[in-house]
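Let's walk through this protein together, one question at a time. Have the sequence and the 3D view ready.

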Amino acid sequence: MSSEEDDEWVPFSRRSEWSDVKPVPQDDGPHPVVPIAYADDFRETMDYFRAVYFSDERSRRALDLTSEAIAMNPGNYTIWHFRRLVLESLHADLNDELKFINSVASKNSKNYQIWHHKRWLAEKLGPEAAEKELEFTKNILSIDAKNYHAWSHRQWVLEALGGWENELDYCNELLEDDIYNNSAWNQRYFVITRSPLLGGLQAMRESEVSYTVGAILSNPENESPWRYLRGLHKDDPDLLAHNKQVSGVCLQVLSAKHDVVFALSLLLDLLRHGFQPSLEFCGVVDALRSVSPELSSDPASLAGSICSILETVDPLRSNYWAWRRSHLP
Amino acid sequence: MEELKVDKHIQYILSIEKEKDSFMALTMEHLRMNGAYWGLATLDILQNIATVDQNEVISWIMSCWDEESGGFAGNVGHDPHLLYTLSAVQILALLNRLDILDVEMVSKYVSGLQNVDGSFAGDMWGEIDTRFSYCAICCLSILRSLDKIDVAKAVDYIVSCKNLDGGFGCTPGGESHAGQIFCCVGALSITGSLHHIDKDLLGWWLCERQCSDGGLCGRPEKLSDVCYSWWVLSSLIMIDRVHWIDKGKLTKFILNCQDCENGGISDRPDNAVDVYHTYFGVAGLSLMEYPGLKTIDPAYALPVDVVNRFFFPE
Ligand SMILES: [Zn+2]
């Protein structure tokens with residue numbers, strides 16, 4: 001970029017290399033314009049941008065100008081579009097562009113245009129770019145582990161350019177940092193169902209169930225692993241209902257008597273799909289019922305009891321649980 | 001309980017239009033079309049759209065139209081994009097001036113962005129996202145031109161973005177996110193394809209987004225934010241599960257995010273207001289039938305009387 005942050009910003013009107021260009025102000029309609037001093041550099045840059053954009057000047061200085069304009073307003077998609085046209089016309093060095101875009105992206109990691117530009121560039125660079133792109137998203141995710149753009153880019157890189165080798169380990173790492181990170185759970189599912197190296201959902205199911213059960217036992221109030229457990233038995237609720245590890249984790253959480261919402265909800269699903277509860281199950285549910293004195297003592301079905309408990313312990317969603325109760329078989 | 005400060009919000013919306021030269025206005029210049037839609041839709045829900053000079057708005061919108069491609073840009077002199085094309089069409093619907101459009105050209109622009117797998121790109125540069133599927137389908141439906149695209153393939157693509165939690169992401173395998181869910185459910189609703197959704201599973205995920213402060217969030221373990229009142233609520237309504245959340249608490253949360261002095265609504269209590277959250281707050285209240293507001297359609301994000309007008313013209 002032609003202006004460094006510690007240098008004084010030189011207006012385009014005082015740069016000799018721009019003397020032949022007539023700036024074009026934004027056409028805003030009939031309202032009068034009231035100038036505000038701090039926005040002058042911004043406005044002038046955009047006026048010169050419009051000039052090169054309208055004259056379709058695909059030159060080195062136009063490229064530098066887009067760098068400055070992007071630094072001031074990375075959300076402006078027209079500048080990005082024009083920059084790509086210029087890069088293509090100049091046959092510019094794409095590795096230089098990678099440095100540029102990565103420095104912009106590090107500062108503005110939640111901007112659609114930037115990530116799209118990264119993808120456009122990576123597509124041009126091909127499989128050799130995979131490693132660097134994975135590394136880059138990893139850096140962004142180390143600051144914000146749920147950055148939606150970074151995850152989306154990472155998934156695209158894996159599928160389009162490859163680099164699956166360490167992805168499950170990476171998910172482990174992130175979940176070790178924060179077991180509540182739903183994005184990492186989502187990525188885990190992405191890897192076990194799509195990685196060409198792991199053999200797919202069926203091959204991974206058993207070991208994944210064990211991993212998930214461990215995660216649930218350490219934090220039973222964490223919504224993500226409970227949903228993941230269901231996802232591991234996608235399209236096969238019978239398998240879920242008859243998996244001893246699954247019913248086992250429900251029983252363990254219910255016995256501990258706190259953070260029982262997701263365990264009760266899963267148990268409800270298991271019952272719906274033909275799970276035959278042992279006396280032990282009826283006992284722990286009964287015990288939970290008796291801690292809520294407002295629940296009537298009439299002997300409802302096990303599923304009915306579960307819904308009543310849920311209505312009490314999760315009052316924000318009491319209508320949902322009441323609906324579940326009204327739809328019991 | 002706090003009340004909705006209708007007059008203050010109207011004043012606030014009208015005042016932003018005049019601040020064209022503030023730094024915010026300059027950096028948002030490229031998405032002025034979205035801003036115009038948020039502002040005008042808010043005014044209409046508040047039953048006050050007559051306060052703006054409609055001819056001026058319409059001539060500005062038409063000066064953002066790119067005759068060559070048929071799409072609309074976010075502002076005069078910018079490139080056309082699907083996001084702004086939908087906003088432009090929505091605004092013209094609000095103002096009852098769809099007649100001004102070259103429907104043939106606009107729908108040609110939109111249908112030209114469909115890919116062979118059924119997905120949509122946002123513009124000529126090919127960024128793909130289920131947001132664009134919604135923009136395309138909503139826009140073409142308003143223009144009664146859905147026959148210009150392969151609807152079955154568009155639906156297939158959206159369904160391929162469905163996740164284990166019943167939600168939807170931006171591309172196949174992308175994490176469920178309330179904003180993307182709105183886009184996918186909205187597109188499926190408009191195309192009569194809601195049977196692809198596991199409504200009970202998705203409904204539960206969506207109602208789990210209500211936080212203890214009453215507000216709604218977009219993903220697990222995220223903070224509540226007024227804009228999700230719209231994304232989550234509208235989705236719940238479309239799949240007929242809105243009674244699963246606590247509406248009283250949500251209403252209170254939104255009203256607590258108002259700037260009672262200067263108007264406008266912020267993302268969370270005591271934060272700075274903006275037009276985006278003002279719109280989503282007011283629209284959220286409308287979805288919950290807050291008194292005195294026009295009812296908004298959850299799929300088209302336009303007042304119901306506007307939707308009726310383009311489907312049942314006199
Ligand atoms: Zn928000």
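Buried means under 20% relative accessible area, exposed means over 50%, and partly exposed is in between. Keep in mind that this is a predicted model.

Q: Is Glu88(A) buried, exposed or partly exposed?
A: The relative accessibility of Glu88(A) is 35%. Buried needs a value under 20% and exposed a value over 50%. Because 35% falls in between, Glu88(A) counts as partly exposed.

Q: Where in chain A is His91(A), and is it buried or exposed?
A: His91(A) has a positive phi, near 50 degrees, in a residue other than glycine. Its place is the loop between α3 (77-90) and α4 (94-107) of chain A. Because its relative accessibility is 71%, His91(A) counts as exposed.

Q: What is the relative accessible area of Lys257(A)?
A: Lys257(A) also has a positive phi, about 70 degrees, although it is not a glycine. This residue is found in the loop between α13 (244-256) and α14 (261-272) of chain A. Lys257(A) is partly exposed, and its relative accessible area is 48%.

Q: Which helices are tied together by the salt bridge of Glu167(A) and Arg154(A)?
A: The side chains of Glu167(A) and Arg154(A) meet at 2.8 Å, N to O. Both residues are buried. They are 13 residues apart in sequence, so the pair ties together two helices of chain A: α8 (residues 167-177) and α7 (residues 148-161).

Q: Which residues are linked with Asp269(A) in a network of salt bridges?
A: Start with the salt bridge between Asp269(A) and Arg324(A), whose closest N and O atoms are 2.8 Å apart. Asp269(A) lies in helix α14 of chain A and Arg324(A) in helix α17 (residues 318-326), so the pair ties together parts that are 55 residues apart in sequence. Both residues are buried. The residues linked with Asp269(A) in the network are Arg230(A), Arg272(A) and Arg324(A).

Q: How many salt bridges are there over all chains?
A: The pairs above, such as Glu167(A) with Arg154(A), are examples of salt bridges. Between chain B and chain A the count is two. Over all chains, the count comes to 29.

Q: What area do chain B and chain A bury between them?
A: The size of an interface is often given as the accessible area lost when the parts come together. Here the contact takes 56 residues from chain B and 55 residues from chain A. Of the buried area, 53% is on carbon and sulfur atoms, and the area comes to about 5,100 Å².

Q: Which helix supplies the largest share of the side of chain B that touches chain A?
A: Between the two chains there are 22 residue pairs in polar contact. On the chain B side, α2 (23-27) and α10 (199-207) each supply at least two residues. The largest share is four residues, and it comes from α10(B).

Q: Which residue of chain A meets Glu208(B) in a salt bridge?
A: This pair joins a residue of chain B to a residue of chain A. The side chains come to 3.5 Å, N to O, and the residue of chain A is Arg317(A).

Q: Which helices of chain B do the buried residues of α6(B) pack against?
A: Helix α6 covers residues 103-111 of chain B, and its buried residues include Met105(B), Val106(B) and Tyr109(B). These buried residues pack against α5 (82-94) and α7 (130-142).

Q: Which side chain does that of Asp305(B) make a polar contact with?
A: Asp305(B) has its place in helix α14 (residues 304-311) of chain B. At 36% relative accessibility, Asp305(B) counts as partly exposed. The polar contact spans 2.9 Å, and the partner is Lys294(B).

Q: Which residues have the most contacts inside the largest nonpolar core?
A: This core has 218 residues.

Note on methods. Residues are numbered from 1 along each chain as its sequence is written. Chains are lettered from A and ligands numbered from 1 in the order in which they are written. This is a predicted model: local features need pLDDT of at least 70, side-chain atom pairs count only at pLDDT 80 or more; totals for chains, interfaces and linings use all residues. Side-chain values use heavy atoms; hydrogens and water are left out. A nonpolar core is a set of buried Ala, Val, Leu, Ile, Met, Phe, Trp, Tyr and Cys residues joined through side-chain atoms within 4.5 Å. Buried means under 20% relative accessible area, exposed over 50%, partly exposed in between (1.4 Å probe, protein chains only). Contact means heavy atoms within 4.5 Å. Buried area is the accessible area (1.4 Å probe) that two parts lose on being put together, summed over both. A salt bridge is a side-chain nitrogen of Lys or Arg within 4 Å of a carboxyl oxygen of Asp or Glu. A polar contact is a pair of N or O atoms within 3.5 Å; within protein, one must be able to donate a hydrogen and the other to accept it, and residues adjacent in sequence count only if both atoms are side-chain atoms.
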